[in-house]
Amino acid sequence: MSSEAKKVMTSPETPETGITEGGTEGAFRDVLSKDHARRGKPPVHFVDMSEDERIAKAKELGLPKFRVKQLANHYYGHFDVNAAAFTDFPASKRDEAASVFFPELITEVTRQVADKGTTIKTLWRLFDGSHIESVLMRYPTRSTLCISSQVGCGMGCPFCATGQLGLTRNMSAGEILEQVRVAARMMQDGEVAGGPGRLSNIVFMGMGEPMGNYRSVLSAVRQISALPPQGFGISARNITVSTVGVVPGIRKLTEEGIPVRLAVSLHAPSDELRDELVPMNKRFNTTAVLDAAHDYWLATKRRVSIEYALMRGINDQAEHARLLAKRLNHYGDDWAHVNPIPLNPIEGSKWTASKPEDEKRFLDILHAAGITATLRDTRGQDIDGACGQLAAKER
Ligand code: SF4
């Protein structure tokens, strides 16, 4: 590539395409939505600013430095953005500080409740009219929020509702973190069946490919895991970052040294089949993906989750389970955990869920080969809330 071409591709005016700089050429191309366009940037939020930027902004408002710490306590410690709650603030400055530091980035459009009030899926509208979704799931010992990191997704997996949309744009750290703050507040206020509780786990498995929006996702991960008043204090070990196999992203994450869990959506044990199910495989094939995933395990000693959506007659047969076991065992024991997920079929699609007997056989073969595997819970199936189904349809 000429240096001029390179400059164009990496210029700040070039939208991040969802993979890596220069990801618009080669065997794989992002699928862009028809809305894909520069739509301007979301308003800058407290969590998008560095400490120095916060202090400078406070100064503009005539506020001394220690007020920034008070705001951080309100946001991360109490999940508050409401000026009325800032009772430690001069009354004359509350409204202004709230509107400058905490602009409303996500607005609730609809909320669907399932599983006796323990699963809540929220459709959000962003500043530019885009829609995203998040799903809060309460279990007896934990509460997990599945969040979105991009509007749509550019990876084009044909069985996935989000993939059908294409990529509209990356979300800002503020837009990502606001999903977390609101859910933490809902838990605190007892809005989820079971009474007041604490948000304990975050999974980046909603709309989008997190590695395609690496900078904002990493900033969000740091602010989710830091202790208040620097973050929400949810342990990094309880955060899962998923990827369809964007190898440079996995490598970068490995170097960060943050003990988040890595989840790789493999969905097929061979390149031949994966090329069809996950177009990104043409850029980073199964060997490259598994090598990077195993290196992640070596560096962090966190077991890697291998996500595998079971599709009837396509990737759910005995031969697929045997090959998957062989490929994982090639790297050694106990470094990966397979999560076969019964596919939630999308309307009008040829991809359907496996038969229960095929699911069972798939698991049995993995177990017999010494692989840890559990059929993943598909909470929220009745509200299209399971992974791969977050298509942000306004109903
Ligand atoms: S399965 Fe994941 S990576 Fe593939 S299109 Fe859907 S959201 Fe994107």
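Two strands pair if DSSP finds at least two bridges between them.

Residues are numbered from 1 along each chain as its sequence is written.

First, confidence. pLDDT is the predictor's confidence in each residue, on a scale from 0 to 100. The protein averages 88, and 88% of the residues score at least 70. Residues 1-25 stay under 50. Where pLDDT is low, the predicted coordinates should not be read in detail. For that stretch the model has 29 contacts beyond four places in sequence, a contact being two residues whose C-beta atoms, placed from the backbone, lie within 7 Å.

Now the overall picture. The protein has 12 helices and 12 strands. Of its 395 residues, 47% count as buried. Buried here requires 20 or more other C-beta atoms within 10 Å of the residue's own, exposed means 12 or fewer, and partly exposed is in between, again with C-beta atoms placed from the backbone. Taking contacts between residues at least 6 apart in sequence, 67% join residues at least 24 apart.

Next, strand β3. How many of the residues of strand β3 are buried? The count is 8 of the 8, over residues 131-138, so the strand is largely enclosed by the rest of the structure. Both faces are covered: one side carries H131, E133, V135 and M137, the other I132, S134, L136 and R138, and all are buried.

β3 has β2 as a partner, paired in the antiparallel sense over 7 bridges. In that pairing, W124 has I132 of β3 as its bridge partner. The two strands form a hairpin with 5 residues between them, and G129 in the turn has a positive phi of about 90 degrees. β3 is also joined to β4, residues 143-146, by 4 bridges, and these two run antiparallel. There the bridge partner of M137 is T144 in β4. This hairpin has 4 residues between its strands.

On to the ligand. There are 11 residues around it, of which C153, M155, C157, C160 and G163 come nearest. Near means that the C-beta atom, placed from the backbone, lies within 6 Å of the molecule or strand. By class, the shell has 5 nonpolar, 5 polar and 1 charged residues. The nonpolar class is Ala, Val, Leu, Ile, Met, Phe, Trp, Tyr, Cys and Pro, the charged class is Asp, Glu, Lys and Arg, and the others, Gly among them, are polar.

The UniProt record, an unreviewed entry, places the feature "binding site" at G208, E209, S242, S265, L266, H267 and N344. UniProt positions are in the numbering used here, feature names are shortened, and annotations may be inferred rather than shown by experiment.

Two of those positions in detail. S265 is in strand β9, residues 261-265. S265 is buried because 27 other C-beta atoms lie within 10 Å. Leaving out residues up to four places away in sequence, S265 touches S242, V244 and E307. L266 lies in the loop between β9 and α9, residues 271-277. With 28 C-beta neighbours inside 10 Å, L266 is buried.

Last, backbone geometry. Most residues other than glycine have a negative phi, and most peptide bonds are trans. Which peptide bond is cis? The one from P228 to P229, with omega near 10 degrees. P229 lies in the loop between α7, residues 214-225, and β8, residues 239-243.

F79 is not a glycine, yet has a positive phi of about 60 degrees. F79 sits in the loop between α3, residues 66-78, and α4, residues 91-101. Is F79 buried or exposed? F79 is buried, because 21 other C-beta atoms lie within 10 Å.

K116 has a positive phi near 55 degrees. K116 is in the loop between β1, residues 107-114, and β2, residues 119-125. K116 is exposed, because 9 other C-beta atoms lie within 10 Å.

How values were computed
This is a predicted model: local features need pLDDT of at least 70, side-chain atom pairs count only at pLDDT 80 or more; totals for chains, interfaces and linings use all residues.
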